[in-house]
Each structure stands twice: as structure tokens, then as C-alpha cells.
Amino acid sequence: MFDSVVNLRPLERDDLELVALWRRSSDASLAFLSPDPITVSGQGSWYEAYLKDKTDMMFVLCDADGHGVGTIALVDIDYRNQKAEFGRLLVADSVNRGKGFATAASLQLLEFARSQLHLSKIYLYVIGSNARAVKLYEKLGFHIEGCFDRDVFAQGGWLDVLRMSIFLDSSWERRSR
Ligand SMILES: CC(C)(COP(=O)(O)OP(=O)(O)OC[C@H]1O[C@@H](n2cnc3c(N)ncnc32)[C@H](O)[C@@H]1OP(=O)(O)O)[C@@H](O)C(=O)NCCC(=O)NCCS
């Protein structure tokens with residue numbers, strides 16, 4: 001259905017060290033607004049809880065050679081209301097950006113959410129000034145539901161946070177083919 005510029009595989013314990021390194025990079029910590037530096041030991045306890053949590057599914061983006069290039073996740077999966085939050089999207093190394101990894105991974109995750117989890121709405125939060133990410137989400141078909149004005153203090157000032165969403169209905173299916 002989609003070109004296979006990237007494959008998604010479930011996050012494994014062995015990935016934690018690399019993911020912690022990726023998440024500590026400056027633009028990732030700014031994009032995710034991590035309050036504390038992500039440490040390997042912190043990741044270990046997070047992973048134990050993650051394994052028991054059926055509402056959180058995290059994946060590693062792998063290139064054609066099987067090398068991990070980033071992450072993506074569905075969190076707060078709410079089966080009753082058929083919705084989930086889209087998050088933790090990161091293409092870690094700047095040399096890998098602009099190659100379509102995030103687009104391909106997002107399309108695969110949305111299709112997985114629709115066809116395997118039977119979700120009908122996916123939403124996300126993004127800092128309004130993160131132009132690359134906002135552009136990507138608009139290209140995928142997400143629309144802005146609302147803006148939380150001056151919602152977080154980071155980068156030396158108050159930042160707006162956008163909530164965006166997409167409905168995985170027949171119009172999305174047509175677009176994704
Ligand atoms: C946002 C991010 C995931 C995009 O990853 P990517 O693999 O480079 O994205 P793609 O190559 O699939 O590009 C997808 C779209 O993003 C937008 N984009 C990518 N690079 C861009 C740039 N430098 N300027 C503006 N838009 C850009 C474009 O719309 C592009 O689509 P197009 O090439 O058809 O125009 C990546 O930049 C990243 O990891 N950033 C840091 C973490 C982050 O901000 N995550 C999102 C948190 S909400």
C-alpha cells in the first residue's frame with residue numbers, strides 16, 4: 001500500500017540506550033518538551049511500565065538496511081472512543097531528515113491504527129513554532145482543532161501548542177492509496 005522507505009518494528013529493550021541518546025538531542029528535547037533529561041536508567045523503569053501498559057505502542061523506524069533512524073508511537077489508546085494520541089515522532093539524525101522517513105512512518109502508523117486497532121480518530125499536540133512538524137502533519141491530512149495559547153514555557157519564552165487531528169474515515173483511506 002505504501003512505498004517501503006521505512007519499516008516499523010516494536011520498541012525493544014535493546015533500543016533504550018540509543019533512544020535515550022536520540023531524545024537528549026537538543027531539537028528532540030525541545031520538540032517533546034521533556035522536563036528532565038532522559039537517562040538510560042530512567043528509560044529502564046519507563047520500559048517496565050510500558051510493557052504492562054496496553055494503551056501505549058511505540059515503534060522504531062528502520063531504514064532499508066534495518067538500521068534504526070527514529071521513533072513513533074500511539075499513546076493513550078482509547079478503544080471505547082476509538083481514538084489515540086500520535087506522538088514521539090523523531091527522525092534522529094539530521095542527515096536522515098527530508099528523505100521521507102517521517103511521512104512514510106506516519107502513514108504506516110495511521111493505517112495500522114485504522115485497520116488493526118479500529119481507531120477512527122488520531123490527535124496530536126505540537127508546538128506551533130515547529131514549522132517542519134506542522135507542515136508534515138498538514139500534508140498527512142491532520143487539521144488544527146485548536147490552539148492552547150502560551151501553554152508551555154520553553155526556549156526562554158511562552159509557546160503556543162496546537163492540537164491537530166485526523167479522522168481515519170473513507171476520505172483518509174482514499175488519500176492514503
Ligand atoms: C519533524 C520530523 C519528524 C520530520 O522528519 P522527516 O523525515 O525529515 O520528514 P519527511 O522527510 O517525511 O518530510 C515530511 C514533510 O515535513 C516537512 N518538512 C521536512 N523538512 C522540512 C523543512 N526543513 N522545512 C519545512 N518543512 C519541512 C515537509 O512538509 C515535508 O514534506 P515534503 O518533503 O513533501 O514537502 C523531523 O524533522 C524531526 O525529527 N524533528 C525533531 C522532532 C520533532 O519535531 N518531532 C515532532 C514533534 S510533534
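Predicted model: local features only at pLDDT ≥ 70, side-chain atom pairs only at ≥ 80, totals over all residues.
Strands S5 (residues 121-127) and S7 (157-167) run antiparallel and are joined by seven bridges. Strands here are DSSP E runs of at least two residues, helices are H or I runs of at least four, and both are numbered from the N terminus. Two strands count as paired if DSSP finds at least two bridges between them. Residues are numbered from 1 along each chain as its sequence is written.

On its other flank, let us follow S7 to S6: these two strands also run antiparallel, with eight bridges between them. Phe 148 stands opposite Val 161 in S7. The hairpin of S6 and S7 has two residues between the strands, and Gln 155 takes a positive phi near 50 degrees there. Is S6 well covered or hardly covered? S6 is hardly covered, as the count of buried residues among its twelve is zero; buried means that 20 or more other C-beta atoms, placed from the backbone, lie within 10 Å of the residue's own.

Now step back to the whole sheet. Seven strands form an open sheet with mixed pairing, in the order S1-S2-S3-S4-S5-S7-S6. S1 (7-10) and S6 (143-154) stand at the edges with a single partner strand each, so one side of each has no neighbour in the sheet. Neighbouring strands are turned by 30 degrees against each other on average, direction ignored; the axes behind such angles are lines fitted to C-alpha atoms, for helices over the stretch in contact, and angles run from 0 to 180 degrees between N-to-C directions. S4 and S5 run parallel, joined by three bridges, and Ala 84 stands opposite Ile 122 in S5.

Two helices pack on this sheet. H4 touches S1, S2, S3, S4 and S5, and its direction makes about 30 degrees with that of S3. H5 touches S5 and S7, making about 160 degrees with the direction of S5. Contact means C-beta atoms, placed from the backbone, within 7 Å.

The largest nonpolar core has 34 residues, and Leu 61, Phe 101 and Ala 105 are among those with the most contacts inside it. Such a core is a set of buried Ala, Val, Leu, Ile, Met, Phe, Trp, Tyr and Cys residues joined through C-beta atoms within 7 Å. H4 gives the most to this core, six residues. Leaving aside residues up to four places away in sequence, Ala 105 touches Val 6, Leu 8, Leu 61 and Ile 72.

Finally, the ligand is surrounded by 21 residues, with Ala 31, Arg 97, Ala 102, Thr 103 and Leu 136 the closest; a residue belongs here if its C-beta atom, placed from the backbone, lies within 6 Å. H5 supplies the largest share of this shell, six residues.
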